[in-house]
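The paragraphs below follow pairs of charged side chains through a predicted model. Keep the sequence and the structure open while reading.

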Amino acid sequence: MSQPGPKRILVTGGAGFLGSHLCERLVNEGHDVICLDNLFTSHKDNIRHLLKRSNFEFVRHDVTEPFRMEVDFIYNLACPASPVHYQFNAIKTMKTSWLGAMHALGNAKRCKARILQASTSEVYGDPTAEHHPQVESYRGNVNPIGIRACYDEGKRAAETLFFDYHRQHNVDIRVIRIFNTYGPRMHPYDGRVVSNFIIQAIKGEDITIYGDGSQTRSFCFVEDLIEGMTRMMNNGEDFVGPVNLGNPGEFTIKQLAELVIELTGTKSKIIYMPLPNDDPLQRKPNISVAQEKLGWEPRVALREGLQRTIEYFKQLDLSKYSKPTDHTAHKSSGIS
């Protein structure tokens with residue numbers, strides 16, 4: 001796998017959780033990086049340490065509006081990615097996915113840039129038992145009119161645009177499907193299970209599990225995910241994807257809660273609430289394609305990654321972050 005020389009690289013959503021880690025890596029590798037973000041769900045503190053770097057530039061912009069950047073590579077990461085955030089304004093989420101993809105692809109077509117789409121395991125919806133773990137050829141089990149559809153179908157539409165631009169205009173694309181990822185710089189109030197559990201544990205509050213805790217997830221540490229993402233961008237032109245990126249280790253939500261309680265030393269108790277609508281009961285990637293094509297697999301075990309994430313949250317000034325609104329995944333499900 002050949003590594004490119006210094007490039008001019010655009011990262012949409014670059015001030016977010018994943019985007020900030022990606023920008024940091026690319027800057028440290030010597031690339032000229034443009035971070036484009038509207039700071040809706042991201043935070044400027046995520047990239048503050050990069051602002052004085054001569055090869056880093058921050059542009060506040062919404063990808064639903066057109067943009068023109070002279071670049072070699074584009075990483076398209078812009079989109080709210082947690083239910084709390086993407087259900088806050090479902091129409092805007094859908095527009096961010098497909099309009100953002102269209103504007104990014106148009107820019108790539110114009111300046112002949114290679115472009116990577118950060119898609120999601122949510123394109124698989126709620127997988128049936130015979131499609132577990134999920135492979136890239138699985139077409140999914142998605143509710144197109146449910147409360148999660150703005151994100152699920154928005155990302156599916158974005159993938160369609162990417163492959164149509166590739167077929168029709170010969171745009172050099174890469175598509176990855178990201179499974180649950182966690183680590184430092186997660187928004188403390190993003191409503192995701194890892195951040196929820198850690199914040200509740202640190203505060204000594206009850207750990208809230210939706211459902212009976214038997215539903216499963218896989219958890220990939222952010223460091224591993226960024227390695228897979230950059231390998232996909234830098235791979236030879238014959239492989240465009242899609243490719244699953246995630247950790248195939250599978251844990252129940254109850255196991256995750258118990259591990260967080262152990263690692264934080266909290267006296268928090270586990271409580272159970274009804275499961276929100278359309279919440280997948282199982283999610284686990286088959287990463288054989290990533291292993292074969294990219295030579296990639298995750299290295300960081302869940303215990304180690306959680307410990308590093310807990311240390312990050314312990315030193316975080318939570319007053320700088322917006323707390324959840326009444327529009328959460330649970331409340332918008334119609335569950336009282």
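Glutamate 304 and arginine 308 are joined by a salt bridge, with 3.2 Å between the closest N and O atoms. Both residues belong to helix 9 (residues 302-314), where they sit four residues apart, about one turn of the helix. How accessible is each partner? Glutamate 304 has a relative accessible area of 40% and is therefore partly exposed.

A separate group of charged residues makes up a network: Arg25, Glu29, Glu227 and Arg231 are linked through salt bridges that share partners. One of the contacts to look at here is the salt bridge between the side chains of glutamate 227 and arginine 231, at 2.6 Å from N to O. These two residues are in helix 6 (residues 222-234), again four residues apart, about one turn of the helix. Glutamate 227 is partly exposed, with a relative accessible area of 23%, and arginine 231 is partly exposed at 25%.

In helix 4 (residues 149-169), the spacing is three residues, about one turn of the helix, between aspartate 164 and arginine 167. Their side chains meet in a salt bridge of 2.9 Å, N to O. Are these two partners buried or exposed? Arginine 167 is exposed, because its relative accessible area is 61% and the exposed class begins over 50%. Aspartate 164, at 32%, is partly exposed.

With a cut-off of 4 Å between the side-chain nitrogen and the carboxyl oxygen, the model has 20 salt bridges.

Conventions. Residues are numbered from 1 along each chain as its sequence is written. This is a predicted model: local features need pLDDT of at least 70, side-chain atom pairs count only at pLDDT 80 or more; totals for chains, interfaces and linings use all residues. Side-chain values use heavy atoms; hydrogens and water are left out. Buried means under 20% relative accessible area, exposed over 50%, partly exposed in between (1.4 Å probe, protein chains only).
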